[in-house]
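Subject: Structure for you to look at

Hello,

Here is the structure I promised to pass on. Please have a look at it, and then read on for what turned up.

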Amino acid sequence: MSATLIDNATAEQPRNDRNYLNADHTLKSWLLTVDHKRIGILYLIAVTIFFFIGAVAAAMIRYELTSPHGILLSSEVYNKTFSAHGIYMVFQFLVVAIPAVLGNFLIPLMIGARDMAFPRLNLLSWYMFMTGGLLITLSFILGGVDAGWTFYVPLSTLSETQISLCLVGIFITGFSSIFTAVNFIATIHKMRAPGMTWYRLPLYIWSHYSTAIVILLGTPVVAITLFLVVVERGFGFGIFSPELGGDPVLFQHLFWFYSHPAVYIMILPAFGVISEIITCFSRRPIFGYKFIAYSSLAIAFLGFLVWGHHMFLSSQSVLQGLIFSIITWILAVPSAIKVFNWTTTMYKGSIHFSTPMLYALGFMGLFLIGGLTGLHLASIDTDVHLTGTYFIVAHFHYVMVGGTIMGYLGGIHFWFPKMFGRTYSEMWGRISAMIVFVGFNLTFFPQFIVGYLGMPRRYHYYYFAPEWQFYHILSTAGSTVLGIGFLLPGIYLTYAIFKGKKAGPNPWGAKGLEWEQAGSPPITENFEKPVLVLEDPYNYNPEEDSKMYEHEVESADMLGGRK
Amino acid sequence: MGWGPFQYGVQPEAASAHAPYYDALFITITLLLLLFTVGTVAAIIYFVTKYRRGTKVDRKNVITHHTGLELIWMGVPLVLALGMFAWSARNFISVRTMPDPAESTEIFCIGKKWMWHFQHMNGVRENNELTVVVGQPVKITMISQDVLHALYLPEMRAQYHVVPGRYTDLQFTPTKPGKYKILCAMHCGTQHSEMVGQLYVLTPTEYAEWLEKGGNRYKTKPTTVAEAGKQIWEEKQCANCHTGVDNPRAPSLAGIFGKERVFTDGTKRKADRDYIRESIKMPHNMITKGYENTMPVYGGTITEPQVLALIEYIKTLTPSTGDFERQDIVNSIPGTNRDNSNVDVANQGQSAGNAQFRSAEDKR
């Protein structure tokens, strides 16, 4: 975004070796840091641990389902296992992964700010997140939770498991999200560098801005709702249980009023990541900047008006169902706009298949299937047979894993040199991106079929329909491949943090303040010199692109020779 | 199809009047999905191949916006979306319109952890089984006794939540006789995945036969006179008092045939056919020593062929049969709960069914 293109090979690195990582080495300097970059790294460590717990639970579920009669677990433990999978993955990973790790790290860098608007609030939100996560973990150590991540009443109010403790944990995690959102909105509004107008913002910022609005409006509702469940359990207030004069369907309305927009909290930041990656590796400006930017806002707005599509069969009236259905159909349009614009961005580009680009291309394919199978469920009639089955499980995993996690991994691989100042092995990066893609499809595609055949979700046994076993075995085989695909980056990226070759400030030759005006890794204050923005974003020129990126050169060296 | 796991196909059986309409919509949406996915992926593959770095192609005059193009790819999906919505709405309204009570079978359903009770209007009650006639619209009125459940009949493409504290309903018209699944599609606690049952769609003749048997499909046609007697023994619930061994209420009948009986007035008589017949029809005539005159008089309610059969069955009794017989019937069929008499032994059947399943599990 500076006035001139910095040539990759001669990019200036502030070689004074001072950066945010080596500014101080004590544990205290990390745990009491108010540097948005260090907080991003703290989040990275935390979400990786929570992801691992969720993934182990997923592996147990998949192993258990290879037999129609179950294998190891009792039904009680099985229910606690899928509840743990859902709770950790949704509340402790998907909702926070991209905003809290990449968002925290990159938003000030991308808009030319020295830090977030409220650095101490930022640190507090990490501590709230950890407190929530520890309470949730404690609830599982003390016996677990068996009501699933949705906590539908009266199951959750009658259950004798550690529901209350777990809900308090989620409540606290929710407030961590709210603090992060407040920080993002204030930072984006007030901290932009001179010249960084709204239409010069990277689309990544637009996505995070939309996400923050959704978090801010939605999360308080679910936090209070879950708190009311705790109140009902603890003091017998009749809010949701019919015996006490409450209404169980009311809970679903309140829960989905947040939890449907939460889907957009998870996917919108991934959209932002994909916009950055596609432009960088197509070496050309994005197609339809304003349409992509406003489609994020449209999704954030319409996302609040469709919660009832989770409740077509809940006893809401036919008219209510139809209204929620038609808005859901319309919501498909802004999502489609993005995919079409990204595709067109590649037209007349100069496309390079680096690791982040492979994740972005994978994202587009999987998000198409995930989004379009959403139409089977938006369609109020077809939803009748599919809701509550593995079809839904497959659909939202295509969106959440195929969308959010592909976006997250793509983003981590793209900004890794910026975050740690080192390069990773491109070869291993590409291999594992392809393993993730293959493993993912093998895991979740069979679930569409077995769901259409009628397999309800959250079933421990299916001895009454042994013919479904084939699809479950395929899915479990796929999840093993997927597990390897997730484990590999864990290994080679950790190796690269300590042993990787030093990266220059702009190893991809990318546009954007974080690449062009900050070091790798950046200094604590982010920029050596005051930042002035004079250009539109994504000012790439596909005709000037012939050199190998520094990133590839260095990782090729690491493998013992240039290509 | 027809090979290995694919012999079952990738589509569930369609056995209700609505199912073909459902599948048509499902397949259309799937085709739209394929059209968009294949189209977009083809464009992506074309672009990444043609414009991959290093190819000698024209990269001049890159366009960054084109409002016309944007409007086309917003407009076309929007029109398609509204069209599909209209189709789906019409289907949904028809499926949620309950049939005329005069032309349909009304059934009540109670969901509870973890079983389904069905109550027919004619008094027959079923547990985890539902029997209906082909071609006749069925309306089920449902309520839950505890937590949320969802009655899910995949082959009928029918599902609706079963909510505590309010009645909900569901309708379908079965079109194909057969045995189908009843599932619970709403997580309801520990044994959620065992809250399953069978939907029997019978032809009118089969249905009449089933009704004749009092709604008990497990009652078999007896092959011997003694077996016929056993069914009467169970129907009249003789074993409520006449257990395998003597008890304060009544003497055991095991092995009494041909033995000498002593009565309260001190007289004796050999227990032959005549004695047993008289004791059934007019029990107060001879009260066995040590017992009260408590047995009901069956004189007017039992036929001679029934008495004959009963006597033949009593001859086969041993101390290990008798009262244990009833329990055995409940347990005799593994997996699900089998008591279809009008007596509520649901909980008994439930635990028996689970015990059977667990023991099968242990054996593995």
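What is the strand order of the open sheet of five strands in chain B? The order is β4-β10-β9-β6-β7, and the pairing is mixed. Before going further, a word on the source: this is a predicted model, in which local features need pLDDT of at least 70 and side-chain atom pairs count only at pLDDT 80 or more, while totals for chains, interfaces and linings use all residues. Residues are numbered from 1 along each chain as its sequence is written, and chains are lettered from A and ligands numbered from 1 in the order in which they are written.

Back to the sheet. Its edge strands are β4 (129-133) and β7 of chain B, each of which pairs on one side only. From one strand to the next, the twist averages 20 degrees (axes are lines fitted to C-alpha atoms, for helices over the stretch in contact, and angles run from 0 to 180 degrees between N-to-C directions). Strands here are DSSP runs of E with at least two residues, helices are runs of H or I with at least four, and both are numbered from the N terminus. Two strands count as paired if DSSP finds at least two bridges between them. β6(B) and β7(B) run antiparallel and are joined by five bridges, with His149(B) opposite Val162(B) in β7(B).

Elsewhere in chain B, β1 (residues 105-112) pairs with β5 (residues 138-144) in the parallel sense over seven bridges, and Cys109(B) stands opposite Met142(B) in β5(B). β1(B) also pairs with β2 (residues 115-120), in the antiparallel sense and over six bridges. A hairpin of two residues joins β1(B) to β2(B), and Lys112(B) has Met115(B) in β2(B) as its bridge partner.

In total, chain B has eight helices and 12 strands. Its domain assignment (bounds come from an automatic or database assignment) gives domain 1 (9-46 + 66-95), domain 2 (101-212) and domain 3 (225-326). The C-alpha centres of domain 2 and domain 3 of chain B lie 40 Å apart.

Now for the interface. In chain B, 74 residues are in contact with 77 residues of chain A, a contact being two C-beta atoms, placed from the backbone, within 7 Å. The elements of chain B that give two or more residues to this side are α1 (19-50), α2 (67-95), β6 (149-153), β7 (158-162) and β9 (178-184). The largest share, 15 residues, comes from α2(B).

Burial is worth a look too. A residue is buried if 20 or more other C-beta atoms, placed from the backbone, lie within 10 Å of its own, exposed if 12 or fewer, and partly exposed in between. Buried residues make up 29% of the 364 residues in chain B. In helix α4 (residues 225-235) of chain B they are Gly229(B), Lys230(B) and Trp233(B). These fall within an arc of 105 degrees seen down the axis of α4(B), so they line one face of the helix; the arc is that of the directions from the helix axis to the C-beta atoms. What covers them includes α6 (304-316) of chain B.

In chain A, Ile136(A) sits in helix α5 (residues 119-141) and counts as buried because it has 27 C-beta neighbours inside 10 Å. Leaving out residues up to four places away in sequence, Ile136(A) touches Ile87(A), Gln92(A), Cys166(A), Gly169(A) and Ile170(A).

Best wishes
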